[in-house]
Amino acid sequence: MSSPLVSRLVERHSRELALACDASAVITWRDDRALRVLGVRLGQRLTELACPGAEEKLGIFCERAAREPLEGWELCVLAGDRPVTLVCASAPEPDGTGFAVLASVLPEDLVAVSGSTSGALREVDALNRELARQGRELLRVNHELSESNRGIVQLHDELAQRAEEAATSAEVKSRLVANVSHEFRTPIHSILGLSQLLLDETDGPLSEEQRTQVRFVRSAAEELALLVNDMLDLARLESGIASVRASKFAIADLFETLRGMLRPLVPEGDRVQLSIDAPRDEVLLETDRGKVAQILRNLITNGLKYTERGDVRVAVAASSNEVRVSVIDTGMGIAPADLPRVFEEFYRAPAALHLRGTGLGLPLSRKLAELLGGAIEVESELGKGSRFTLVIPRVHPEVRTVEEIRERGRQRDPSRQPVLVVEDDRKTIFVYERYLSLAGYQVIPARSIADARALLAEVNPAAIVLDIMLEGETSWEFLSEVKSSPATRDIPVLVVTVMNREQKARALGADEFWLKPLDQDRLLRRLEQIPKRAGQAKVLVIDDDERARYVVRRLLDGTSFQLIEAATGHDGVRLAHDQQPQVIILDFLLEETPSAGRMTAFDVIDALKSDPRTRPIPVVILSSHALGDAERQRLAQTTESILSKENLSRELAIQRIRDALHKAGIHPVSNPGHGG
Ligand code: ADP
């Protein structure tokens, strides 16, 4: 609704008007509305406005109004030539010089004085029309909103369906690749094996002609085997099922294997020399050795293939993070126009077409390099030679992150609830870590069942997220173990897997069953339902100031620290003995109370340190008192850290408590039932 329209309407059609008269009823002042509605002029007598027949009443009103306050007088006056009824109230000037009138026009008369439909009605009409228009607009917007809402719901459904399809199609692809590779490889291997048998003449001699024919069969089968292997490897990489199996190895060992493997490919005579020399200093890698070997084999094979005469050399350059392995040949080289295309699938430079090849070696190598977190660089000059360089991180990025996660997992964080994640895929562990840690949980990763069993003996997790298909094993037995042991049966087990075996999982006691890919929110919602367990890190606060204890309580809200409070030094020492907290926060200035007797922070510390049960408990001093050097020194010997009450932030408090626990080598999130 436009506010100018409203104010115009109010201004125009308010029923109130005011005027002032002198003692003889001559109008000396009137407001705008009196002018507009009644058309009164200054100097005009009020009595002149009277309707025919109402003159007397108006005369009496004017006379009395000069003397006394009047109220509720209905007076009929003329507005132009139309009679209008005013309901009037008046007040005399105190010095008797006149009176003021406040009048209200009867509503039915308002239309008349505003000029019938051409005035107020038109505006009221306009207002009504405006309101109707806005009503319609509102309906339309409402409709639109509900439509887009429906759209969003549908989109959501579609996305969910797509996600499901994607999961299934990834599964189908991986099954296809696995099956097809079997279907392809078996007959090829039969042909290779049988032709070799024939060539070996195990079942009788071959004629020279037959030998030639069988050799052709064999070499055709070898070519086919190469092509099928490359194609299947590529399909594997593209379907995302290729996994990285990292191990630690020295590059010198890998080179030794490569030398043995590639020797047969070096042409006889000294037409081409192959040198694969290990670097002088040992270069250790932690990545997928098989894949590094596959890439280098491809590059060296190409070097040998495309070098008619000269040499092929392998050189290594390593920095602390990265290793560069170059395969340098003095062969035919690649024309600048072909260079950008050599990584395309099936692309072969025209100059290379007379040689055997599939055009898949380089694209495959590049994908493998990417899987290892690296790349392949190429430089080449036609007729001079080429240099292909594999650049990869020395430690595979996923190894590093999983290592970090494991490291963090080893350092139990008492402010977070641990969640045991049994999962062999590094990427998935990484994903869990990312969103579970954001939600305040600590991921304890286990990559095998043996790992999981060992960790479960140490940690009492809030939940177990369990993958069923692990590398070379399934976790059904582990699930049933967890659910049948009294010590662990209450831990919720959330099964997340690619196999649709919900019935079996539930029968063995799974609390949830979800198919991959996992909906993160669903997991978080489920974790939130799990009640926070007691038996987490206990923190004892000894402070006589109730407000200070309240502040600490609030600071630790929402963490899994369990807070115990003591208002006096004596209570604190007793509670520390009975409850065995993992850390004590101690106020420096403890008030003297009649029952407690005098006990300073030093007394409390002395008492704690003299009792073997409380001696190892780390103490954090919380003080609003500016400590002197001597006090600081004395405290530094017996306490973990000193915090000032003024700048105590939540992060700092939690951090200090964690530090204190860490320094004391305490793993507070341990399960007494498991003796951890
Ligand atoms: P293939 O060697 O089976 O043809 P690749 O994908 O390994 O397939 O290589 C693609 C093309 O790149 C080759 O056909 C060739 O033209 C070119 N190429 C690769 N390596 C070299 C090299 N060392 N020297 C010259 N050309 C090369």
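## Two helix pairs

Helices α17 and α18 are roughly parallel to each other, a label for angles under 35 degrees. This is a predicted model, where local features need pLDDT of at least 70 and side-chain atom pairs count only at pLDDT 80 or more, while totals for chains, interfaces and linings use all residues. Residues are numbered from 1 along each chain as its sequence is written, and side-chain values use heavy atoms, leaving out hydrogens and water.

Helices here are DSSP runs (H or I, at least four residues), numbered from the N terminus. Their axes are lines fitted to C-alpha atoms over the stretch in contact, with angles from 0 to 180 degrees between N-to-C directions.

| Pair | Residues | Axes come within | Crossing angle |
|---|---|---|---|
| α17 and α18 | 569–579 and 601–610 | 10 Å | roughly 20° |
| α11 and α15 | 426–438 and 520–529 | 11 Å | roughly 55° |

The crossing of α17 and α18 is right-handed (the near helix is turned clockwise from the far one by less than a right angle). On the α17 side, G569, V573 and A576 make the contact, and α18 brings V604, A607 and L608; contact means heavy atoms within 4.5 Å. Sorted by class, that's five nonpolar residues, one polar and no charged. Ala, Val, Leu, Ile, Met, Phe, Trp, Tyr, Cys and Pro count as nonpolar, Asp, Glu, Lys and Arg as charged, and the others, Gly among them, as polar.

Now for the other pair. α11 and α15 are oblique to each other, the word for angles left over once roughly parallel, roughly antiparallel (over 145) and roughly perpendicular (65 to 115) are taken out. α11 passes α15 in a right-handed crossing. V431, Y432, Y435 and L436 of α11 meet Q520, L523, L524 and L527 of α15. This contact has seven nonpolar residues, one polar and no charged.
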